[in-house]
Amino acid sequence: MPLSGPPRLRPALLAAGSAVLLALTAAAPSAAAPPPVVPGPAAGSVVLDWYDATARTVAAAGAPAQIANSRTWAIGWIAAARAAREAPGGPGRGRFQDAAVASAVHDALAALAPSRRADLDAALAATLGGIPDGPAEDRGVAAGSRQAAALLAERAGDGLDPASSNAPFSVPAAAPGVWQPTPDGYAPAAQYGNRLGRPFLLERADQFRPGPPPALDSRRYRADLAEVRAYGSADSTVRTPRQTETATFWYGGSLTLFTEPLRVAVARSHGSAADRASLVALFHAASVDTQIATSDGKYTYVRWRPVTAIRSGAIDPDPAWRPLHQTPAHPDYPSGHATYAGSAQTVLDALVGPVTAPFELTSPTAPGVRRTYTAWSGLTRDNVDARVWSGIHTRTADEAGVRLGEAVARHALRNADRLLGGRGVQPSP
């Protein structure tokens, strides 16, 4: 058994008064959004089609920085949610929303990933071909294009591009507890510039900054390091095959690993196209802000990674120790995988409920392995454990990360109307 048990993670159901949250958490379609009275795409299919189009676009033409790709998701789907929320009542409401979602996501992705323009144009033509022609479709397309253009302009120069994300960091002089480049490769620090990017909803990067990590001579830190040394070693004799599989499964990037869980949530939502677009928008806006807050914490405390502590630390140094997986090139505290998981769980718990029917996940870093989950908290739990069993994070860094992600996501949910409606450009009279 691990030396320190996993954190007690509580479902983050929020009693928010926002009309956005009330719509998203509804158990059935809202009476204000009746289905169209003429044949059209199946309920929810347009949102899922453009969810998949976004995933394909990011996979094929994504940036070499996770936060830039999260930004792409956020821009496209905030624009979609704002446009779909313009839909008037009446029998054309569903057609308007479907056209608005498709148009907004198409235009945003075409601007941010121009190499994919032909595929996106074909996808838009297919979507619009399934929507009956008429004023509702035309106005939805116009709304989507308008909101995408407005949001692209609004986010211009926000400092979330790859070059800004990986701005140079001057490594401090080596000292106990201070981060240094890690083996193998000893790559320069990554994601330092995220802390300077412009958030979607946070007032500032340090708004929810966690307190400092445990002192190096504290009982908690000694227990943390002992756990990583034993369970995270490449040649560990105590880590079980299942634990090794968990570490390998969750070693990949968070954006990639959470794409399918979010799709499951969207597919199982009973809301309108506007509600579903809002779910995707809030998820990714919160994830961008979480990554900004994570970078702030990491580069405020600049805490060394376990591999450095174990190899050269004052507690029984072992120069030959190797982690199961290569350590990412940024400080330990707080854990970025854990902050992302905490943010994701908080949004999903709040907007679709903490428990769902079983669903299966695969991972690009564990080919052939399938994991089944029935609660979003299971994803968080496995992320926390995985980073310890990989030998690349202390449990304290993981637990602090979960709390940070939860705090940022709760803030996003409280301010949902400001994100999805308050700043959206409105149609001319």
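Guide: By class, 12 residues of the lining of the largest pocket are nonpolar, 19 are polar and four are charged; here Ala, Val, Leu, Ile, Met, Phe, Trp, Tyr, Cys and Pro count as nonpolar, Asp, Glu, Lys and Arg as charged, and the others, Gly among them, as polar. The model is predicted, so local features need pLDDT of at least 70 and side-chain atom pairs count only at pLDDT 80 or more, while totals for chains, interfaces and linings use all residues. Residues are numbered from 1 along each chain as its sequence is written, and side-chain values use heavy atoms, with hydrogens and water left out.

A pocket is an open set of points, on a 1 Å grid over the protein atoms alone, where a 1.4 Å probe fits, with protein on both sides within 12 Å along at least five of seven lines; lining residues have an atom within 4 Å of a point. The volume of the largest pocket is about 770 Å³, taken as the space filled by probe spheres set on the points, which are joined across faces, edges and corners.

Several helices contribute at least two lining residues each: helix 2 (45-61), helix 3 (66-84), helix 10 (254-257), helix 11 (259-268), helix 12 (273-301) and helix 14 (336-352). The protein has 17 helices and two strands, which are DSSP runs numbered from the N terminus (helices H or I, at least four residues; strands E, at least two). Of its 429 residues, 55% are buried, meaning under 20% relative accessible area with a 1.4 Å probe, protein chains only.

Notes:
Buried means under 20% relative accessible area, exposed over 50%, partly exposed in between (1.4 Å probe, protein chains only).
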